[in-house]
Amino acid sequence: MTRDIDQMELPRWYDENTLTMLVVNPNSVFLYWELAFGQTKTLQERLLVLKLYELSSESGHESENPRLVQSVELPPLTNDWYFHYLKPACRYRAEMGWENGHRFYSFIKSNIVEVPPASPATATATALQPRWQPVEITTATKATTATTTTDEQPVKATVQELIDSMSFYMGIKKDDSPERK
Amino acid sequence: MPAGYLALVLHGHLPYVYHPEQSEALEERWLYEALTECYLPLIDVFQALARDRINYRITLSLSPTLITMLTNELLQQRYMEHLNKLLALAGLEEKRLGGDANYGHLPNFYMQKITRARNLYLECGHNPLLPLKQLQRQGYLEIITTCATHGFLPLIRSREGWRGQVKPALDLYTRHFGHPPAGIWLPECGFAPGVDEILAEYGIKYFFVDQHGITNSRPAPYYGIYAPVCTRPGVAVFGRDPESSRQVWDRHAGYPGDPLYREFYRDIGYDLNLDYVGHYLPDGHIRIDTGFKYHRISGPDRQKEPYLPEHALERAVRDAKDFHHRRLEQAQKAGRSMDRIPMITAPYDAELFGHWWYEGPAWLEFLCRETAAGNSLRMVTPGGYLHEYPQSQTVEIPMSSWGAGGYNQYWLNPSTDWIYWHLHRAEDRMSELADLHQVTEDPDKRCLNQAARELLLAQSSDWPFIMHSGTTVDYAVKRFKNHAGRFNMLAEMLEKNEVDVETLTEIETRSPFLPDIDYQVFRSDTAAAKPKQQPVYRVLILSWEYPPKTVGGLARHVHDLSVALAEAGSQVHVITCPVAKQGVYTLDKGVHVHRIHPNRLTADNFMDWVEQLNNGMLDLSIKMMEVYDKFDLIHAHDWLVGTAAVTISHRCKLPLVATIHATEHGRNRGLHTDLQRHIHQLEGELARQADLVIGCSRYMGHEIATLFDQPADKIRVIPNGVDPDNITTGLGTDSVERQKRKVIVFLGRLVSEKGVHVLISALPAIMEAVGPVKLQVAGKGPYQQELEKLAHSIGVSEQVEFLGFVDDPGRNKLLHQATVAVFPSIYEPFGIVALEAMAAGVPVVVSDTGGLSDVIEHGVDGYLSPPGDIHMLAHYVSEVISNTELARHFVHRARRNIMVKFSWKQIAAATREVYSEAIKKGSLFSE
């Protein structure tokens, strides 16, 4: 190794596929990306498009009906981008791809970021009963405990039905084979 | 009773500017100037107040880089040389200005100041930490620390990265002060949600954010910034008071801008001839501050007038009184609507006092005296306030910082944004290296530790700060590149297994920072990175099936989890159904397995059978508690064991954690029969009664919350795990060659929600794109005929092979030969098969739905295709088949993600976290 450790230079590529989004402030995000050589080959000379989506605020439903906020055709040789004028306190994700006809062929998605709120909580949110907790130990108001309900209608079903329904757990294969080794 | 509390917080930090390779480094002067003008004068003030028995409280944060430099021998020696030079210059100046009517008093003034600093420095044996420690012991100071290299946390990507910034800092503090700090100063007050969890892990009690970090939190804080709030993991948060800040910070309206105070921007280093002053400047000619400043700020548009120290001091007295008066008024006003004594948090950079605001230390001294003289405003430390008021309101703190604009833009903007790609890449690489090297010896160990140091040094918020502020940019860029570059160099040596000791040693001597650092803090396996001293939990797990009885995947899940928990030191007892040829008790891989006696389960009717099962579990658990002592917690898996779990929990006052693997509603896309409605009800009951509920994906977490109307903060998401060893069983030693022909594989039950019809429909387009392929469908189900018909009707029946049910070795063989595995589900709560394929090294294309969306990072370790979209599925499958280089990337990343996110070790650690949370919750409830 003869590189001068006081005059280091940084690599121009790592040969990785990455599309990373960072929060700048409640109204802006920054994205940088690198496309692996294998990825670049598949793209040839296509015009790349970067799309920013606002996601459903419900965790676990990110993929459902994202709202397209902005779509930009990337100038050649860009490897980062800023989106401004965004709505605060929302979750965003970007996708990169190319378009053909009406279709968008997305080949990479970014991480999801949540930009912070730009203002205090609204009155409705404040109306909630404040919760308190000591610093040393975590506590939280215990959910009100309902007593076990016992007045249900008896349901007719056989053990076999039960066994049949079990295969649904975890959604995997071994459905029709009760005892396996 | 005072009307208010005032918490003054001084944050001392300098970047790591240690250049043993140069005889005179310009940047090391930052440390010398701060010592002469800030740190030593502040210590002088603190000691004087203590001598006079003034009852003051100040919180002082010392950064690990500063602590390291203050205690570095070479720097101590160089500082002494620097002081001697300053004294010589003062002597020279006395001669030069001796008789000057306007400036004659100033050289002697500086001579005294420098002598005072030098005496103090000698008194403490060159180590300013010693008097500070003493002051902390006496109760005047509360000393805390900040992140290892002042890394700006909102722009560090991973939790491992956060841990890397936090833990070594706490260790260094503990090494110097003998105990861990109570609180932490987040660099630049930079907070991002989740940081609090890491702080809680390490026992940190409090941190600070800027005002809007508190006022914009959810829900709105009851006391505003006049009392701390608390985040869910139990860390208190203090908010900066903007008025206190403005009065001290503001360039125009703030105290330091007063015309009587000393002008910072006139220095003899710039003003005098080089022939004269050059000897005291770097390289004899670089114009730089010497600290000899002879003017007062003076009025606008006026000639700078001579500095008059006595007048400036009088002004400092007046300003201290003013500050005191305003804080008191503010506290009185705030207190009117509060049922506790309001607290004002006033944090400042320590280097402001004495350096930029020369009279700052004096002002501070007068403020302490003024406050102690009255009773209405009292000084407090955050620890002291929390001691008086342990209860704080629980809120969620949003991302924020105290930088210009209030968020991340000071460190992330067009002049600095290029650094983050390199930083994040290094962060990820560091974790990967730490994961791969769990046991090491030198020189690898040294190399890993140095890589960790270089990564941390590259992360300093100072570099982007300087780049953006526009002064000494070249230095910041060079430092960043050197640290990031050295990291890359070390990482490469480790990856190639060619550690060059000579280079390593050279790098080590450049940055002998954090001598005790342990790179393992970067491991993604959180159990290893976390503090060791954890109580042993005795856990009772209820599950209707457990190996060797495996009907669905539940048995395997409970088994792998139990074994991993037992391996990590928990005592695990499982109660489950009887199974042929197994007694009522077995000890299996450290797990105590208890089985209900077969003659207790006699019913033919489903509900009766479930009741018998639950009664059996209840009776058995009571017997077990007589024999084995009480448990700390019950963990129930799915509704089948719900009644027993809830009853035991109530009867024995034990906290209850429930994992809901799938819901009846989700499985059936609604509730259509009485049985389904009944099961739904039991699921809801279990979810309601449990202290915490675990779901296997964010999608499932959400489903549980909405179906059973449970608050989101009661639900934890822990993915299912996969054991890579399982994927290789049955393959033998001669590994099967991946076939030359292109094989698409699907594994799963043949029901419409698995979406196999979408895949079959996509075959013609796939073949058009990549040529002949084979689709192997493993699994059975009611939908098979339909699928066969479909294949026939679109002319691909030749290409589709229905293999029926396959066992584990069969599955492994299939995966091993596959070109791509496709899981085109329409509904999928988790999707363990996708993990198994990833573990087997097969590139995957899955539906962008449910749990699958969590498992795959689109374009990084596989593709997510819109559910039901034949065209796009064909596109993605063809891409993976035809582009082997990209497929290899996916496989590499997927393997890594499996190891990081879906290892049982990791899942057991996360589950244990949930246990400890539930136990805390439970213990408070029962008090």
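Helix α28(B) passes α29(B) in a right-handed crossing, where right-handed denotes the near helix turned clockwise from the far one by less than a right angle, and left-handed anticlockwise. The model is predicted, with local features requiring pLDDT of at least 70 and side-chain atom pairs pLDDT 80 or more, whereas totals for chains, interfaces and linings use all residues. Residues are numbered from 1 along each chain as its sequence is written, and chains are lettered from A and ligands numbered from 1 in the order in which they are written.

Helix α28 of chain B spans residues 756-770 and helix α29 of chain B residues 784-793; their axes lie 9 Å apart at an angle of about 15° (lines fitted to C-alpha atoms over the stretch in contact, with angles from 0 to 180 degrees between N-to-C directions). The two helices, α28(B) and α29(B), are therefore roughly parallel to each other (angle under 35 degrees). On the α28(B) side the contact involves V756(B), H757(B) and I760(B), and on the α29(B) side L787(B), L790(B) and A791(B) (C-beta atoms, placed from the backbone, within 7 Å). By class, the contact of α28(B) with α29(B) comprises five nonpolar residues, one polar and no charged (Ala, Val, Leu, Ile, Met, Phe, Trp, Tyr, Cys and Pro count as nonpolar; Asp, Glu, Lys and Arg as charged; the others, Gly among them, as polar).

A further helix pair in chain B is formed by α23 (residues 642-651) and α25 (residues 674-689), which pack at an angle of about 25° with axes 9 Å apart. Helices α23(B) and α25(B) are therefore roughly parallel to each other, and α23(B) passes α25(B) in a left-handed crossing. Residues G642(B), A645(B), V646(B) and S649(B) of α23(B) meet L682(B), E685(B), L686(B) and Q689(B) of α25(B). This contact of α23(B) with α25(B) contains four nonpolar, three polar and one charged residues.

An open sheet of five strands with mixed pairing runs in the order β9(A)-β10(B)-β6(B)-β7(B)-β5(B) (strands pair if DSSP finds at least two bridges between them). Its edge strands are β9 (132-134) of chain A and β5 (206-209) of chain B, each pairing on one side only. Strand β5(B) pairs with β7 (residues 236-239) of chain B in the parallel sense over four bridges. The bridge partner of F208(B) in β7(B) is F238(B).

Chain B has 35 helices and 24 strands (DSSP runs of H or I with at least four residues, and of E with at least two, numbered from the N terminus). Of its 927 residues, 55% are buried (20 or more other C-beta atoms within 10 Å of the residue's own, placed from the backbone).

How values were computed:
Angles under 35 degrees count as roughly parallel, over 145 as roughly antiparallel, 65 to 115 as roughly perpendicular and the rest as oblique. Two residues are in contact if their C-beta atoms, placed from the backbone, lie within 7 Å. A residue is buried if 20 or more other C-beta atoms lie within 10 Å of its own, exposed if 12 or fewer, and partly exposed in between; C-beta atoms are placed from the backbone.
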